[in-house]
Amino acid sequence: MNLVPGTIRWLNIGTAVAACVAMVLMMLHITLDVGVRYFFNGQIVGTLEWVSFYYMVALVFLGFGYVEYKNENIRVDLFAQLMPKRVQFGLYIFACLLGMIFFGMLFWRTLLDAISATQRSEEAMSNFRFLIWPARWTLPIGFGGTFLAVFANFLRAIVRREAL
């Protein structure tokens, strides 16, 4: 039983690391662009596109699963804390089921969009050819990781017989 949550944990750690790499690359890219503008009165063509379509998307979506797995999402559970443990457990299981449905649907829709964008070789409108179809794959990866994290938390709650 520990194999599934452990595998899901490592997959989400991998996507969180990828989000961190995207953040470092974004900082370096923007710093280099500012340096080129300041010292050489020039620019790095495509900085805005790279930041908008690649770095920020990866930064936002790839970390979702890890945050969910660690139970670090923002929660408003003031009333749930006042309820009996069995009711809290039931509400948590219900929330996990809703979360799996929600993130499963988001995963499926964004996967179809990513496949379609890849087949079309989707690109952004700019003064140069800028492919954005690879960035479309960030969303199904992020939502898939979040779905798996909710599933892992669901399994852990069932085994412990308590809300996480």
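Colleague: How many disulfides does the structure hold?
Modeller: It holds 0 disulfides, and keep in mind that this is a predicted model.

Colleague: OK, cysteines then. Is C96 buried or exposed?
Modeller: C96 has a relative accessible area of 4%, so it counts as buried, the limit being under 20%.

Colleague: And C20, where does that fall?
Modeller: C20 is partly exposed, at 43% relative accessibility.

Colleague: Switching topic: which residues form the nonpolar patch on the surface?
Modeller: That patch is made of V17, V21, M23, V24, L25, M27 and L28. Together they have about 600 Å² of accessible area.

Colleague: Which helix is M23 found in?
Modeller: M23 belongs to helix α1, which covers residues 3-40. Its relative accessible area is 35%, so M23 is partly exposed.

Colleague: Now I93. What does it touch, leaving out residues up to four places away in sequence?
Modeller: I93 sits in helix α5 and touches F154, A157 and I158.

Colleague: Last one: which element has the lowest mean pLDDT?
Modeller: Helix α4, residues 78-81, with a mean of 77. Helix α5, residues 85-120, has the highest, at 92. For the chain, the mean pLDDT is 88, and 99% of residues reach 70 or more.

Technical notes: Residues numbered from 1 in each chain as written. Predicted model: local features only at pLDDT ≥ 70, side-chain atom pairs only at ≥ 80, totals over all residues. Heavy atoms only, no water. Patch = residues over 30% accessible without salt bridge, like charges linked within 9 Å, V, L, I, M, F, W, Y side chains within 5 Å. Areas by Shrake-Rupley, 256 points an atom, 1.4 Å probe, with all protein chains shown as cover. Salt bridge = Lys/Arg side-chain N within 4 Å of Asp/Glu carboxyl O. Helix = DSSP H or I, 4+ residues; strand = E, 2+ residues; numbered from the N terminus. Buried < 20%, exposed > 50% of the residue type's maximum accessible area, 1.4 Å probe, protein only. pLDDT = per-residue confidence, 0-100. Contact = heavy atoms within 4.5 Å. Disulfide = S-S within 2.5 Å.
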